[in-house]
Amino acid sequence: MRAISRSLRSPRVMIALGMILCIGCAAVFAPSIAPHDPSEQNLVSLLLPPAWASGGDPAFPLGTDSLGRCVLSRLIYGARTAMTVAVFASLGAMLIGSVLAHISGYFGGLLDWIIGRAVDVWMSFPPVILSLILMVGLGTGLDKVILAIILVDWTRFCRVLRSEVLIVTRRDYVAAARLLGFTHWQTLIREVLPATFPLLITLVSLEMAIAVVVEAILSFVGLGVRPDQPAWGQMIADARQYVYQSPSNLLFPMLAIFITVAAFNLLGDGLRRTLDVRLADIGR
Amino acid sequence: MGILSAHDFTVTARLDDAVVPAIRGLSFDLAPGKILGLVGESGAGKSMVGRAIAQLLPPGFAVTGGSLSFEGRDFLAMAPARRRALLGRAIAFIPQAPLSALNPVLTIGQQFDEHLARVGRRSRAQRRERALTMLAAAQLPNGATLLAQYPHQLSGGMCQRVLIAMAFASNPRLVIADEPTTALDVTMHPQIIRLIADMQKEHGTAVIFITHDLRLAAQICDDVVVMYAGRAVERGPAQSVLSAPAHPYTRCLQLANPSMTERRALYVIPDQMPSLRQLPRLSGCHFAPRCPVVIEDCRRSEPPNMKVASDHVVACIRAETTRQISAPSPSIIASAVVERPLLQVDGLEKRYAEGSRWFGGLRETVAVKSASFSIAENEFVALVGESGSGKSTIAKLLVGLEQPTSGRILVGGQDLTETSTQARALRIASLQMVFQDPQSALNPRRRLASIVTQAMEAGSRHATSNERQTRAQELLSEIGLPTDFTTRFPAQLSGGQRQRINIARALCSLPKVLVADEIVSGLDVSIQAQLLNLLVRLRSELGFAMLFISHDLSVVRHLCSRVLVMYRGEIVEQGPIETVFTDPQHPHTRALLSSVPPDEPAAAWPIFATP
């Protein structure tokens with residue numbers, strides 16, 4: 001708890017949390033913030049530039065795309081998609097990965113061997129190809145994107161956390177808990193998990209950044225969310241064809257992705273510096 | 001003129017914007033070919049001199065006053081290049097941890113050669129010749145094979161010999177040895193000490209010998225400086241300082257150290273040495289808060305250095321009362337032992353298989369070879385032996401952290417090695433372990449109340465927080481800590497206090513037997529005495545037996561009534577302490593016993609005196 005309050009005081013974490021809070025608010029309150037319906041087409045005003053440029057229309061602050069849809073509204077609704085994927089995919093991957101990591105690191109032996117080899121095999125597939133194959137198999141949709149990211153990225157959690165669990169499990173206080181009569185379950189939950197928790201949160205925030213990027217890639221190639229659901233990757237794909245007429249349409253979704261990923265990475269870095277006891281004294 | 005003389009040498013440390021003196025006004029004069037001992041507990045500042053010379057002061061520390069002159073030249077004012085030229089050539093170092101002082105990826109030969117090249121031997125053949133001579137002088141046979149080996153292929157003792165050979169290879173005028181035996185096995189101590197002394201005599205080198213062991217200092221040093229909280233509290237010829245100490249601290253330290261020949265009560269110096277952070281708040285004599293002969297004047301101003309003899313200086317205004325300090329007489333150690341075996345170990349054996357069954361090369365290592373012993377109620381039994389002899393394996397087998405290959409562990413006639421829930425429950429209720437390293441043994445995220453009563457949340461037991469709070473306060477007062485410590489975290493405690501918490505946790509549900517693995521080894525003598533007395537008091541109040549694993553024979557002699565001697569996985573000798581210590585049968589027991597310097601400063605250490 002002391003570590004959490006300490007990390008909240010760190011400027012990195014505060015800035016990152018502020019940025020994420022803004023994006024999160026945009027996502028949650030999208031219907032009331034967005035000036036237009038994201039799929040409403042205005043065929044009279046196609047490829048409008050942003051409002052401040054010459055020829056812009058104040059009704060469309062960031063202009064319109066090739067079908068005359070409001071770019072700002074689509075960006076705001078796109079944040080919904082991105083944040084949903086970021087939160088659920090990273091939590092899902094964390095859950096599977098960390099449960100397996102704790103079992104593997106704590107019990108060791110044959111279980112550790114089996115889980116370790118499974119991770120090895122899993123990780124030898126190129127992740128982008130694996131997720132594309134999964135999407136082809138599963139079909140498009142928000143839930144499918146989340147599932148694909150979970151299935152690809154749980155190994156990351158498993159690998160990194162397992163080594164941390166190994167270190168903690170060798171501490172004498174874990175042995176002492178067993179000697180005092182703690183069951184394996186109690187030992188894992190009350191002695192091991194609190195020690196691995198800081199790393200776990202850090203990994204989740206980094207995984208959120210990855211999930212945002214992967215969702216964008218999948219949407220870009222048309223294998224992400226359904227076409228009627230606005231997503232940043234999709235907007236980039238659409239804007240790509242009209243890049244000479246209206247470069248701003250390409251720029252804004254890219255900027256959105258960049259800011260979101262940067263915020264999650266900054267958060268991860270800040271948490272790592274403040275929560276990791278080994279770095280807590282030197283970093284910052 | 002001395003080789004090294006310090007005059008009013010002062011080192012200050014910058015801590016949170018406060019400037020704190022880490023060493024205050026240290027003066028000494030080291031004559032050529034003499035050994036000067038810097039003795040004291042950890043944190044007293046005894047390593048600072050060596051570090052200042054090697055230019056390895058910790059960040060924030062700096063020499064801010066006084067002088068340090070090497071062969072008459074001011075060492076501190078010297079140009080860096082000239083100072084570097086002296087280091088390694090005229091001034092050599094013997095480190096504390098030999099394995100980490102050698103580069104693991106270079107052979108001994110390469111490192112020796114590099115060192116000799118640096119100190120100015122030209123031809124390769126010459127350097128090899130010199131290396132071989134030095135290794136032979138350090139009693140390392142087969143020098144040629146040794147030069148081709150890597151540090152990890154050698155034992156700690158051999159590495160230390162190599163480093164000693166390297167230190168003396170450049171015919172230095174001064175060697176600084178910082179706790180050269182602390183990281184090594186006890187049985188290695190006399191040989192290493194002997195080697196340093198022999199090399200020193202042969203080369204006529206002056207040596208600064210830094211140690212915490214007063215008995216060892218009495219044997220090897222010509223002069224000693226006793227340090228306390230950054231100040232030299234007493235200085236003079238080793239024999240007169242240690243046989244008739246004038247400073248109460250020196251005297252108390254001696255009385256706190258258990259004796260090898262008799263069982264006397266230990267003098268307990270209360271509290272602990274002030275840390276650097278506490279220093280600015282202290283006025284007067286820094287030892288005054290712990291001193292048994294303190295008077296009001298002591299707290300008023302720092303005592304001046306006073307002469308008790310022409311060459312014996314002490315910083316105490318009550319020096320004449322020091323000899324009156326004596327250990328408390330009533331000994332409560334010999335408590336009645338009921339001759340009823342409580343714990344019986346029968347043919348306990350542990351083998352580890354190495355390599356693979358399928359790919360060949362399956363080898364078996366025997367960690368414990370058919371160990372049989374018993375412990376009676378309220379009996380403290382010692383388990384001694386060098387590292388790697390299987391002491392810790394026995395501890396782990398007893399508490400169930402490892403499963404034995406064969407053999408039985410009986411408590412009150414019931415076998416604990418069966419894999420049943422009853423056996424586990426019985427083991428938890430009757431056997432508890434106190435771990436060696438209190439740092440690692442306490443969960444840094446729990447408060448003390450939660451740590452000491454951890455047994456009450458185990459399994460399906462659900463104690464209310466009130467019950468736990470009450471029990472925690474009972475336990476804390478039992479182990480002599482303030483009851484308002486319950487809300488603290490382990491990081492807020494000192495090493496000795498952490499070890500008390502460690503003991504309290506094991507005692508929470510009142511087990512019948514404690515297994516204590518080297519629980520006082522990392523602690524200073526005064527803290528060690530506090531813990532030993534605590535264990536004895538707890539036994540008389542709560543009643544428990546203990547298997548006390550240690551390599552420190554004087555501690556064992558003080559605390560336990562019976563001893564088991566282990567050597568290479570086997571219990572080679574066991575019996576009552578007096579019998580085993582006065583008439584050891586096994587050669588290994590004899591080797592262990594002779595590795596301890598005698599209590600009397602004037603007495604000769606047999607292994608050291610014989611040519």
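The following dialogue concerns a predicted model and how some of its descriptions are reached.

Guide: Residues are numbered from 1 along each chain as its sequence is written, while chains are lettered from A and ligands numbered from 1 in the order in which they are written. As the model is predicted, local features need pLDDT of at least 70 and side-chain atom pairs count only at pLDDT 80 or more, whereas totals for chains, interfaces and linings use all residues.

Visitor: What is the average pLDDT of chain A?

Guide: The pLDDT is the predictor's confidence in each residue, from 0 to 100. Chain A averages 90, and 96% of its residues score at least 70. Over residues 280-284 of chain A the pLDDT is below 50.

Visitor: Which elements does chain A contain, and what makes a run of residues a helix or a strand?

Guide: Helices (H or I, at least four residues) and strands (E, at least two) are DSSP runs, numbered from the N terminus. By that rule chain A has twelve helices and zero strands.

Visitor: How do you know that the span of helix α5 (residues 124-137) of chain B agrees with its number of residues?

Guide: The expected span is 1.5 Å times one less than the number of residues. For the 14 residues of α5(B) this should give 20 Å, and the end C-alpha atoms are 20 Å apart, so the two agree.

Visitor: Why are the buried residues of α5(B) said to line one face of the helix?

Guide: A residue is buried if 20 or more other C-beta atoms, placed from the backbone, lie within 10 Å of its own, exposed if 12 or fewer, and partly exposed in between. In α5(B), the buried residues are R127(B), A131(B), M134(B) and L135(B). Seen down the helix axis, they fall within an arc of 100° (taken from the directions from the axis to the C-beta atoms), so they line one face. The face turned away from that side carries the exposed residues A125(B) and Q126(B).

Visitor: Why is Q254(B) called buried?

Guide: Q254(B), found in helix α11 (residues 248-256) of chain B, has 21 other C-beta atoms within 10 Å. The cut-off is 20 or more, so Q254(B) is buried.

Visitor: Which residues is Q254(B) in contact with, leaving aside its neighbours within four places in sequence?

Guide: Two residues are in contact if their C-beta atoms, placed from the backbone, lie within 7 Å. On that basis, Q254(B) is in contact with L214(B) and P245(B), its neighbours within four places in sequence left aside.
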